[in-house]
Structure formats: C-alpha cells, structure tokens
Amino acid sequence: MTTYETSPTCRPEPLQGGALWRRTLRIPMRDGIQLAADLYSASPEPEATALPVLLERTPYGRRAQRGSDQDRSDAPVPQPEDIARHFTQARYHVVRQDCRGRGDSEGTFVKYLGEGPDGADTIAWLRNQPWCDGRVVMTGVSYSAHVQAAAAAEGAPGLAAMFQDSGGFSCAYDAGMRMGGAFELKQVTWALRHAVHSPEAAADPVLAEQLLRVDATGWFGAMPWRPGCTPLRHLSAYEDFLLEQWRQDTFGDYYRNPAIYGRGFYDRFPDAPSLHMGSWYDPYVRSTIENFTALRELKSAPSYLVMGPWTHGHHCETYAGDVDFGPRATLDGNLGPSYLEFRRRWFDRALGREDEGDHDGNDEGDPGNGDLPAVRYFLMGGGDGRRDAAGRMRHGGAWRTDTQWPPASTAPVALYLTTGGALTLAPPTAAAASVTYDFDPHHPVPTMGGQVTSGEPVMTGGAHDQNAPDARVYGARAPYLPLDSRPDVISLTTPPLERDVVMAGPVSARLHISSTAPDTDFTIKLIDVHPPNADYPHGFAMNLTDGIARCRFHRSYERPELLIPGETYEIEVTAPDTANRFAVGHRIRLDVSSSNFPRFDVNTNTGEPEAATRRTAIAVNTVHMDAEHSSHLRVWLEGGADALA
C-alpha cells in the first residue's frame, strides 16, 4: 500500500487546471525515519496505470525552483510542477523527494554520506507501489546527481536508467571534496550558503539572522577554523560535517564510503543505461568522465558522455565567466529542442519506449533518434577574440562527436619546461637547470575562475583573463598586475602557433621538485593566450583547467610522507580534462606555482595538517628542468606531436 500523509491537505491535489495531480508521500527508510516526497501523476488515481517512475532526490527543497532546471535559454526557469507535467504527459509518474534532514523529511542531514542507503530504500519502496511498473529512473543536477551514484553503489535493483548532470562521485577525494590532497573550499561556501536555508534556521529567526550576517570574505581571511570558532558555530550539524571533511586529509575509510566512492563499487552499479553530462568549468569533470568510461567498460548497457563549455549546471548559457562561446554553445537548440525534451527523449530510448512517439512532433536535434554518439563534447575556440556587447570575449566553439574519450584522433604529447620560459617538444639537455621561488602562505596566488561552483562571494567559476585581475578577485591587490608578473608564478609558453592546434583530453604535469619545507604544494594552470587586439590591447589569457598536488602525498594518499628538505622528488599534478582549439597566433601557456586560493586551502609549509595548525612558514620551492629531471606538461593533441612540428 502507498503511504500518503493523513492530513486533508495531502489528498490528491489538482494542479494546472487538473492537468497534473500531486500527492505527498512519506517513504520509510530502514532505520524508521520517513522522508517526504511528492508524487506527480496525470490523474488523481495513479494506481490505475503502472508506469516508470522518474525520481529526483534533493537537499534544496522538493518544491523549490532551481536555476539548474533552466529548460531553454529564451524562457524562464520552470517550476517543479511544470517539469513534472512534461514527464507525466510523456507517461511517467514523477517523484521529487527531500533528502534526510532537509525540507519536510525527518532525520539529521549529513552531507553526502547517508544518501546511498536512503536512495536504495526509496527505489525499493517505489518499485512496490501499484503505480510503478518496476522501473525507476533517476535524474538531477549536482547533489541530485551525487545521490544517483550513491544509490547505484548500493546495488539498487529496479534502477533502470540514470541521467547524471554535473555530479556523481567517482572518488570525492580526487574531485569535489579534495584534489591532489588539497581541500576544495567550495565545501565551505556551500555550507555557509545552505545553512541559511536549513530547517534549523527556518525554525529559529535569531539563528537565521546570524547566518545572513556572516561576512564570508572576512572569515576566509581567518582560516584555518577551529570548532566553536567558525561562522557556523551556532549550527553544530553544519559545523561538524564541514570540519570533519576538512580534517579528513588522507584517503581512508571516510572516502571509501560508497556514496562518494563509485570507483570502489562500480561492480554493484545496476547494468542500466547511463548518461553523464558535465562541463569544462565544472568541479566534477574528472568524476563525470571516469563514471562514463568505467561503466562503458564494465556494463553491457550503454553509457554516454556529454561535455559542454558551461559552468556548473548552466547548460542554457553561451558563456562561462568573462568568455562567450557563441550561440552553438547551449544545449537547447543544439543537442535538443530543450533540456526537458533532451532528457525525456533519452529516457524513452533508455527504456525502449521510442515507439510511443514524439510528444511535441519535433525531432530536430533529437539525440534519441537514430544512432546516439557515445561522446558529444564542445570544442572551445575559433572565435575572433573581440569583446561582445555584454563585455565578454568571443572565444567561439562547436560541438563534436566521437566514439570514445579522449577522442580517437588525439594522442598524448609531452611539452618540456625550460628555464627561459618556453614550452617545447625537445627534451632538455642541460646538466643542471631549475627555477626557484619563495611561496608565502600569507600571500597566495588568487583564484581567477576555473572549475568552481557554489563559491560566491569569494570566488567565481568560468573563463577569465589571467592578465587582468581586479577588485572582484579575492586576494588580488592593487595595482592588479597579471598573474604571471608574480615572482611565485613560473609562466611557460609555446611560440605563437603557426596553425590551429586542437587539444582534447586529460591534462597533467610531471614535475621534478625540491623544497626547503617538509611539505608544500605545487599547482598548474593551462591557458590559451590570445594575441592583442583593439578590445584587449594586453591580449587575453584564458584559463582552461588547473590542478594541485600536496607534496606530503607524493608516494601515497593513504600514508603521507614528509619531504626531506633539499631532496628532489618527482610528482604528478593532474588537472581536469579540457577541449580547446588554440587558433593560429595563439600560444599554449602553463603556469606553475604553489597556491590557488580560495579554490583550495593553503598549505602552511609546516608539515602539519592544514585544518589544525596555526603556524605558517615560507617555503623556497624549486622546479628542476634539466636532462635528468625533465619536467613536462602532458596533453592530448589532434594529430599528436605533429600538430606542433
């Protein structure tokens, strides 16, 4: 029997003139907690017709409008009932559920870690309802994508398809919570933002006012935080899980939780079709691509990859940060008529329901008809580099398809670092060559865009001119000189390119380093350097991707090992994948440094965990570039090394 709420207000409720009906459910979990959910159907008696159920689980309020639900670039963001009606008209029942401890659901909210069992229990309960035909498909952006992977890692029989948009952890230690051992401080800004909307704040106006008045920018200058001495000190549930995330700096049992470690549990994932959507300026690039690649190899059901040029969940925008990619950049009008139609048609295909027909009579741009390419990705670049009416640089780009990732036409290429600031195909021959700089944790290199989400007000994602920091950039100081002018940034470039060079695939740097400190960080940033023009007389240095490595993890993320000052070590710094066309006259640039704040927490250079120490020290860091220690950038180029020959 279906468990409905007993309140008279929770009887079948007609919406939109009776075209849609909503009931509130209370779904029991294995520990007795009940989670609130809404069931949307095309009639007041859903039991009359058993249909597939479309499930979305969210911590943001099941009836709340969200910007990531944008359907078309020329239309307002739809309300949850508008989204539900689209699918109920296509013969689905729709369930939207509040995660534990959020919205109207019982229990205590703990970010990420309990979503696997709750998701699996919800799917099992839905399958037993008379209005479900035994098939549950999951959809959602960001956290609503994370909960899909979490449920799948529990096995979840009946999970018939997944549409993971901008999330779904392959390994939270590698992307989303940490990268290269460093803590991603978007976890801090997320907690500050969503604490304001917590049930606790809703029930306590004094707490709500205190949270609204938090000076996030000021608090970022007071790091590291200590229990009871944070802006979340009056909301212990949020302070506790945030500080616990921060303290968990090694890869151990905490990160092996199935909810955030799909990599360890892919064998449990149902053998069901999956679509993995991400974007080049999203924090989950690595997870999105790994989930696609692993499930494609391990399962008989098909997996698909879609990568756009957007920031987190902004699939109907042509721009990311201060760069515009042109009208071809949006999902709507290019990959499908709209985001809703793109999803509906993909679910119909995944469930073998194509014969039921197209519900709007328009198949133009429909990826569900005919052969669906395994990979669709947006290759950035090709624009004229001028400023548009909105003040953004026109970088351009176009969609491509492929059978694999990296694309079949690409091959790995090593570009060697030189003390003269060049990136070259020729390995070094000098017996000794290096560049040394001082890294002061009190003056970190400021974050300027990148794969950032939920970072406001201290950081913003997307593509930005690395030549032109300004007062918008946290930590930037007048006179706002280009980042490569800093003495703690090693900037290396190719000569101006004589032909277009297409880069698409993983990005990493193999660095030979030494330091006076027992622990320190090294960062990389890949940049497309546009030549000067009338709109940008200084040129435009467009960031593509960046990464970081914390040196105490040079041997193992499970067992940190401090550096011996003065000894040389070989480390790998991995950045998320990218896809970009470097046009004729442009240059490929790599910046190497030791900080990227506030995207990542700053290494204190003391060897002590960042979440606990109050001390800092200046590290004298060296990157070696000689014949024996050939530090190099590794990228994937169309045509391989011949592209630069």
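This is a predicted model: local features need pLDDT of at least 70, side-chain atom pairs count only at pLDDT 80 or more; totals for chains, interfaces and linings use all residues.
A residue counts as buried when its relative accessible area is under 20%.

Next comes the overall form. The C-alpha trace spans about 80 × 55 × 45 Å along the principal axes of the protein. The radius of gyration is 25 Å, which agrees with a compact globule, because a globule of 645 residues would have a value near 26 Å.

The chain is arranged into 10 helices and 27 strands. Contacts can also be sorted by how far apart the two residues are in sequence. Of the contacts in the protein between residues at least 6 apart in sequence, 74% join residues at least 24 apart.

Helix H9 covers residues 285-298, which makes 14 residues. From its first C-alpha to its last, H9 reaches 20 Å, close to the 20 Å expected at 1.5 Å a residue. Which residues of H9 are buried? They are Val285, Ser287, Thr288, Ile289, Asn291, Phe292, Ala294 and Leu295. The cover over these buried residues includes strands from several parts of the sequence: S7 (159-165), S10 (274-281), S11 (303-311), S14 (375-380) and S24 (569-582).

Charge is the last topic. The protein has 60 positive and 83 negative charges. The mean position of the positive charges and that of the negative charges are 2 Å apart.

Notes: Residues are numbered from 1 along each chain as its sequence is written. Side-chain values use heavy atoms; hydrogens and water are left out. Helices (H or I, at least four residues) and strands (E, at least two) are DSSP runs, numbered from the N terminus. The radius of gyration is taken over C-alpha atoms; the globule rule is 2.2 Å times the number of residues to the power 0.38. Contact means heavy atoms within 4.5 Å. Lys and Arg count as positive and Asp and Glu as negative; His and the chain ends are not counted. The place of a charge is taken as NZ of Lys, CZ of Arg, CG of Asp or CD of Glu. The expected span of a helix is 1.5 Å times one less than its number of residues. Buried means under 20% relative accessible area, exposed over 50%, partly exposed in between (1.4 Å probe, protein chains only).
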